[in-house]
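Visitor: Please take a close look at the strand pairing in this model, then follow the packing out to the helices. Which elements sit side by side, and what touches what?

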Amino acid sequence: MEILLTIISITGISTVLAVLIIIAEKFLNNYGECEIDINEGDRSLKVEGGSSLLSSLAANKIFIPSACGGKATCGLCKVKVMEGAGPLLPTEEPYLTPEERKDGVRLSCQVKVKGNLRVYIPEELFNISEYIATVTEINDMTHDIKEYRLEFKEGEEIKFKAGQYMQIETKPYEKVREKAIRAYSISSAPSDNKAVELIIRRVPGGVCTTYMHDYVKVGDEVRITGPYGDFYMRDDSDEYVLMAGGSGLAPIKSLVMDIMEKGLDKKMIFIFGAVSKKDLYYEDFFRKLDEENEKFTYVPCLSRPEPDDKWEGETGLVTEVLGKYVKSGEGMHAYLCGSPGMINACVDVLVTTDFSEEKIYYDKFS
Amino acid sequence: MSAPQINPFIIFFASIITSNMVLSNFLGMCSFISVSNEFKTASGLGKAVTLVMVFTTVINFVIYKFVVVPLGIEYLRYVVFIIVIAASVQIIELAMDRFLPDLYIKLGIFLPLITVNCAILGISLFMVIRNYNFWQTLLFGLGSGLGWWLAISALAAIREKTGKSKIPKGLEGPGLTFIIIGLMALAFMGFSGIFVIQ
């Protein structure tokens, strides 16, 4: 009896207090409808106040990267808040540099929506979506590189900037028990928005490349997300140096196609580095562009051409060829895509030709 | 036990000055020392503590007299008091987040820590031990809260001054703070000829 009485009374008191807290929460945590203005009027969301900015945005299908799920431990969910965020919280301090604090960068998981907010979200972030795409084409480009065309479901579209990449999520296969996520640049043009084309080079022992090369067949479905990345064309120059090695050709092809389709008046030189003739691909595409366009120059460069290749073009390392074709880089932009070794070497060469280092954009494939 | 017939107002003034919770009973010391760097924040915490004290002593009094005693579960009073205090702090935190966001952020972790501020549980326990009636309890809670607020505000004001003064290196920080608190306690004790409770 006494035990029962104890339990009942404690439970009773706790229940009453819990109800009081719930009522208080309903009343006090009710901030009404708040407006989140994104990118100076680009988009405007009406959300119920009281939750974090991160979850309010996620509820509206804007996914800010976050690994910890809103506990302020990963520091990934940074968003620039121009107005309405309130003072910086001690929980955010460790993740923000002095410059970021000055710019109003906040952890969106810690900012509570209590009123109207003005935020800045990089365009690429609210473009990121998940697609279950169907493989409609697989083309052998070279002995170890394949081109995949992944078409989205009816009605789905993608908006990306030429040069950006997608992430493929593999399913477990054979000995690989866990799914893996790997990034691949889009090689198709942004105008082709109902599908993406990816170029995947087989990496011996690679989890995702093996999966794509050996297990994925035409008609299969692949889970992809994107677009990601800040390797894309900046429009404030008319002269571009484009360089790629191996599968690094993918974003460059997308970039060139984009420029051609839009009819932009840009002078371009594209230096493509490969080992021998059997590693060259999209040859016809680029040679045709070269012939038809005065302003586009295609320079394939083989580091070790085989005797059978009967190669008459450039030979040697891309860095040597680069020095030969680019004398002065003043006012020019460079877009480099390939292995880290190649990119570092090219950046060193470009800097000696008056290239401003900020105007050298690159995407290191590793 | 019969209720001592002390005038509630004597309890009120005594608990502000001579029986000050922090300066004569040394309860609620942790936030008293750590949040007393800046007058504004200290005063804010003082208000929050006062609010929680009045709120919880009254609720605890009602629950104790009308639930705990009739049911004969006095042995559960610590649990009951703690739950009530925790719930009150929770509600006050929500309210502060809504209406005083700046203060809410400044107080940071010390606001939820009011839950375990011993001064607050102390009031509820003293009220039971001393067998106070409702009015005595109400004014005891209010007086103790105001006393705590007065003490932390005074300490913060002094510390703001000493923060800008040249003080011997060895005394910087907690050293000087404890000396100040000691002197303040002496000063408050100076009133003990006028009125004192227990």
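Guide: Start at one pair: A:Q167 stands opposite A:T225 in strand 11 of chain A. This is a predicted model, in which local features need pLDDT of at least 70 and side-chain atom pairs count only at pLDDT 80 or more, while totals for chains, interfaces and linings use all residues. Residues are numbered from 1 along each chain as its sequence is written, and chains are lettered from A and ligands numbered from 1 in the order in which they are written.

Two strands count as paired if DSSP finds at least two bridges between them. Strands are DSSP runs of E, at least two residues; helices are runs of H or I, at least four; both are numbered from the N terminus. Strand 8 of chain A also pairs with strand 9 (residues 181-185) of chain A, antiparallel, over 5 bridges. There A:Y165 stands opposite A:S185.

Step back to the whole chain. Chain A holds 9 helices and 17 strands. Of its 366 residues, 34% are buried, meaning that 20 or more other C-beta atoms lie within 10 Å of the residue's own; 12 or fewer make a residue exposed, anything between partly exposed, with C-beta atoms placed from the backbone.

Next, the mixed sheet. In chain A, 5 strands form an open sheet in the order 2-1-5-3-4, with mixed pairing. Its edges are strand 2 (43-48) and strand 4 (105-107) of chain A, each pairing on one side only. Neighbouring strands are turned by 40° against each other on average, direction ignored. Angles run from 0 to 180 degrees between N-to-C directions, and axes are lines fitted to C-alpha atoms, for helices over the stretch in contact.

Go through the pairs. Strand 1 (residues 33-38) and strand 2 of chain A run antiparallel, with 6 bridges. A:I38 faces A:R43 across that pairing, standing opposite in strand 2 of chain A. Strand 1 and strand 5 of chain A run parallel, joined by 3 bridges. Here A:I36 is opposite A:L117. Strand 3 (residues 78-83) of chain A also has 3 bridges to strand 5 of chain A, but runs antiparallel. A:K80 stands opposite A:Y120 there. Strand 5 (residues 117-120) of chain A has two faces: A:L117 and A:V119 on the covered one, A:R118 and A:Y120 on the uncovered one.

A second open sheet of chain A has 6 strands in the order 15-14-13-12-16-17, with parallel pairing. Strand 15 (314-315) and strand 17 (360-364) of chain A each have a single partner strand, so one side of each lacks a neighbour in the sheet. Strand 14 (residues 296-302) and strand 15 of chain A run parallel, with 2 bridges. A:C301 is opposite A:E314 in strand 15 of chain A. Helix 8 (residues 318-325) of chain A packs on this sheet, touching strand 12 (239-245), strand 13 (267-274), strand 14 and strand 15 of chain A, at about 160° to the direction of strand 13 of chain A.

Now the chain boundary. 19 residues of chain B are in contact with 17 residues of chain A; contact means C-beta atoms, placed from the backbone, within 7 Å. Helix 4 of chain B gives the most to its side, with 10 residues. By class, that side of chain B has 15 nonpolar, 2 polar and 2 charged residues. Ala, Val, Leu, Ile, Met, Phe, Trp, Tyr, Cys and Pro count as nonpolar, Asp, Glu, Lys and Arg as charged, and the others, Gly among them, as polar.

Note on methods
Two residues are in contact if their C-beta atoms, placed from the backbone, lie within 7 Å.
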